[in-house]
Amino acid sequence: MGRTSLEVNQQPGGMFSIEDMSRSTGNRFYVDSNTGVDGAGYGRSPDKPFDSLAYALSSGVCTADKGDIIYVMPGHVETVTAAAGIACNIAGVSIIGLGTGASRPKIQFGSSTAATLSITASSVLIENLVFESDIASLARCINVQSGGDRAVIRGCLFQDGSGTRSADITVNHANADYCKIQRCEFIAADSGSVPDCCVDIAAAVDGCEVSDCWMTGDFNTAAIKSGSIHLNCRILRNVIEQKESAEHAIEFTAAATGIIGWNVIGVVGVAAGGAADTIDIGSCRAIENYVADGDADTSGKLTPPVT
C-alpha cells in the first residue's frame with residue numbers, strides 16, 4: 001500500500017482516530033457547549049468534547065508550536081464576561097469553527113464592556129466563528145496584544161446581538177506584527193453612530209493585512225482606522241458601506257505606510273473634500289480604489305483621483 005497523509009492515532013482512553021497529517025501533525029481537540037464537559041477525559045473526541053473554548057485553551061492540553069487544532073462544533077455558544085475571558089496564549093494553535101450560516105459556533109460578549117477574546121501568543125489562527133455583543137458599547141471583541149504577532153482571523157462574522165460594540169478587532173501592541181484579517185464580515189447598525197470602527201490598528205505594527213472583508217454600518221470614525229504610525233500595511237479588496245454621513249471609510253495617520261488597493265466603497269456622504277476624502281491614505285500608496293458617493297444610482301469614482 002502506498003503512503004498517504006492519513007494516519008491512525010490512538011487517543012487517551014483507547015479511542016482510535018484517522019487524521020489527515022497534511023493539515024497538521026498536532027493533536028486535535030473538540031469543543032461543544034451542547035454535550036461537552038470541562039474536565040479530564042474529555043476534549044479528544046467529538047463524542048466527548050470540552051464544554052468551552054476557554055477551558056480547552058487553559059487546561060494545559062495544547063502544546064505550543066506543534067500545530068494543535070481546536071475544533072469548535074456547530075451550534076456551540078460561549079459567553080465571555082471579562083477581559084481575556086478567552087485567552088489565546090498558546091503559540092501556533094488553530095481554532096476552527098465547524099458549520100455554516102446560523103449553525104456556526106458563536107462567541108457572545110456580556111456583563112462587562114471590557115470582555116474580550118485576547119491573543120497574546122504568536123501564529124494563532126481563528127476561523128469561521130461568529131462574534132456577537134450582548135452589552136451596550138462593548139469596547140472590542142478581539143484584542144491582539146503583545147506577543148500576538150502573525151495572528152490570522154479568517155472567515156469570521158462580527159455582529160450585534162442584544163447589544164452594540166465600539167470595535168471588532170483591535171491590533172493593540174507594537175509587538176503584534178504581521179497580523180492578517182481575511183474574508184471576515186462586519187455588520188453594524190445602519191444609524192446612530194454606534195460603532196467606532198471594525199478594525200482599529202491601534203499600535204505601530206508592521207505588515208498588518210485586512211483583505212477581502214465586507215464591512216457595513218454607521219461607523220463613527222471609519223470602518224478601518226488607525227491613529228498610529230503603522231508600516232507596510234495591506235488593505236486589499238474590501239467592500240465597505242459607510243452609512244455615517246461625512247465620515248471616512250478608511251482613515252490613517254499621516255505617516256502610515258503600505259498599500260491600499262482595489263477596495264470598493266459606498267458612502268451616504270463624504271468629508272469636506274468630496275470622494276477623495278473618503279479614504280485618508282496617510283503615506284500609503286493607493287491603487288484603484290473606487291467610491292460611490294450617494295445613496296443610490298451613482299457610479300464609483302477613482303479615489304484618490306489621478307493627478
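1. Met215 has Ile240 in β23 as its bridge partner. Strand β20 (residues 214-217) and β23 run parallel and are joined by 4 bridges. This is a predicted model, so read each point below as a description of that model.

2. Stay with β23, which covers residues 239-242 and contains Val239. Val239 has a relative accessible area of 38%, so Val239 is partly exposed. Val239 also belongs to a nonpolar surface patch, together with Ile187, Trp214, Val264, Tyr290, Leu302 and Val306. The patch has about 550 Å² of accessible area in total.

3. Now the sheet around that pair. β20 and β23 sit in an open sheet of 10 strands, ordered β5-β8-β11-β14-β17-β20-β23-β26-β29-β30. The pairing there is mixed. The edges are β5 (77-80) and β30 (301-302); each has a single partner strand, so one side of each lacks a neighbour in the sheet.

4. Another open sheet also has 10 strands, in the order β3-β4-β7-β10-β13-β16-β19-β22-β25-β28. Its pairing is parallel. At the edges stand β3 (28-31) and β28 (285-287), each with a single partner strand, so one side of each has no neighbour in the sheet. On average, neighbouring strands of this sheet are turned by 10° against each other, direction ignored.

5. Strands β7 (residues 94-97) and β10 (residues 125-127) run parallel, joined by 3 bridges. Ile95 stands opposite Ile126 in β10. Ser94 counts as buried, at 15% relative accessibility. Leaving out residues up to four places away in sequence, Ser94 touches Asp68, Ile69, Ile70 and Leu125.

6. Next, salt bridges. The structure holds 7 of them. One of them pairs Glu127 with Arg154, with the closest N and O atoms 3.2 Å apart. Glu127 lies in β10 and Arg154 in β13 (residues 152-154), so the pair ties together parts 27 residues apart in sequence. Glu127 counts as buried at 16% relative accessibility. Arg154 counts as partly exposed at 22%. The cut-off for buried is under 20%.

7. Three residues form a salt-bridge network: Asp160, Arg165 and Asp168. Between Asp160 and Arg165 the closest N and O atoms are 2.7 Å apart. Between Arg165 and Asp168 the N to O distance is 2.6 Å. Asp168 is buried, with 1%. Asp160 counts as partly exposed, at 24%.

8. Check a loop as well. Gly207 lies in the loop between β18 (199-201) and β19 (209-211). Gly207 is buried, with a relative accessible area of 2%. Gly207 touches Tyr178, Cys179, Leu231, Asn232 and Arg234, not counting residues up to four places away in sequence. Gly258 is 51 residues from Gly207 in sequence, and their C-alpha atoms are 8.0 Å apart.

9. Finally, the whole chain. The protein has 1 helix and 30 strands. Of its 307 residues, 49% count as buried. Among contacts with a separation of 6 or more, 75% come from residues 24 or more positions apart. The accessible surface is about 12700 Å², and carbon and sulfur atoms hold 49% of that area.

Note on methods: Residues are numbered from 1 along each chain as its sequence is written. This is a predicted model: local features need pLDDT of at least 70, side-chain atom pairs count only at pLDDT 80 or more; totals for chains, interfaces and linings use all residues. Side-chain values use heavy atoms; hydrogens and water are left out. Helices (H or I, at least four residues) and strands (E, at least two) are DSSP runs, numbered from the N terminus. Buried means under 20% relative accessible area, exposed over 50%, partly exposed in between (1.4 Å probe, protein chains only). Contact means heavy atoms within 4.5 Å. Accessible areas come from the Shrake-Rupley method with a 1.4 Å probe; for residues, only the protein chains shown count as cover. Two strands pair if DSSP finds at least two bridges between them. Axes are lines fitted to C-alpha atoms, for helices over the stretch in contact, and angles run from 0 to 180 degrees between N-to-C directions. Patches are made of residues with over 30% relative accessible area and no salt bridge: like charges are joined within 9 Å, nonpolar side chains (Val, Leu, Ile, Met, Phe, Trp, Tyr) within 5 Å. A salt bridge is a side-chain nitrogen of Lys or Arg within 4 Å of a carboxyl oxygen of Asp or Glu.
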